[in-house]
Amino acid sequence: SDPEGAAVWRVLFGEIEGKLNTSFRKEKITQMALTAFWAIHNDMLELGPEWVERYVRTCLTEAIKVGLEYGFIQGKGLANEEPIGLMYQEQSNGAVVPKQPAGTLTFEPGRKTIKELRDVMKLLAKKLKGDGSDAKEPKKIAGKVVMVTNPFDTFDIKANATTLNANGVYVTSLPFNPIMTESVFVPEGKVLFFVKGEYIAAIGGPLKVKKFDQTLALQDATLYTAKQFATGRPVDKYAAQVYDLDVHYDDEETIPGE
């Protein structure tokens, strides 16, 4: 629910007001299973039973984490047995389609980057009113905006955002202080912005790693499986935005002090 604006001011000795249940909404969550497995020959387990099993369990756990990252960014919806990722949106007819770029970002130093990121923030600061219409209203996003880039693009952006201060220290900063992170699941040449708390990442219970020593008995192997129940989708179309990236910088520019 959204409790913003639900509390009511009154004079002393007045009645309690501010009914919250009008702010609640129903969400239909369809859980899915993210799975992985690994078969290890028993000879390997006998040579190093403790560290080999620990290694197998660690790799399976990491595989599930990578699967969750993919699903929450690039998931194509229930029709593909995936979550709805941040780079996709659900249409009114139920179809899940890629989000169209909301514009192009150059990250050129100076006023241009300020204006570009201003427009990004203003778009993310919208939300659907929640009454079934397409009406919009503002939401608070200060300190909640995350910027996700492909690792190949991260340092192009940081190169334009890095300066040498008076103390001889390199400082990297962007207007409005988005939380910078990266993912291999954001395509090269794209930038993903989303607002923390505006994506429903539903995890159903803990990750379960199981061991089966009879399933592959004839192959003299032990089977390890991992399963995580999870799903996800954006709250609305304003929870995340995708932009094209067109970064230019002067490699011949000299840095002050050099």
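**View 1. Asn-177 sits in the loop between strand 9 (170-172) and strand 10 (179-182).** Helices (H or I, at least four residues) and strands (E, at least two) are DSSP runs, numbered from the N terminus. This is a predicted model, in which local features need pLDDT of at least 70, side-chain atom pairs count only at pLDDT 80 or more, and totals for chains, interfaces and linings use all residues. Residues are numbered from 1 along each chain as its sequence is written, and side-chain values use heavy atoms, leaving out hydrogens and water. Asn-177 has a positive phi, near 50°, though it is a residue other than glycine. With 61% relative accessibility, Asn-177 is exposed (over 50%; buried is under 20%, partly exposed in between, with a 1.4 Å probe and protein chains only).

**View 2. Phe-107 lies in the loop between strand 4 (104-105) and helix 3 (111-124).** Here, too, phi is positive: Phe-107 is not a glycine, yet its value is about 55°. Phe-107 is buried, at a relative accessible area of 2%.

**View 3. Met-87 and Leu-192 have the most contacts inside the largest nonpolar core, a set of 24 residues.** Such a core joins buried Ala, Val, Leu, Ile, Met, Phe, Trp, Tyr and Cys residues through side-chain atoms within 4.5 Å. Helix 2 (49-74) gives the largest share, seven residues. Beyond its neighbours within four places in sequence, Met-87 is in contact (heavy atoms within 4.5 Å) with residues including Ile-73, Phe-185, Leu-192 and Val-242.

**View 4. A second, separate core has 21 residues.** Among them are Met-121, Ile-141, Ile-157 and Tyr-243.
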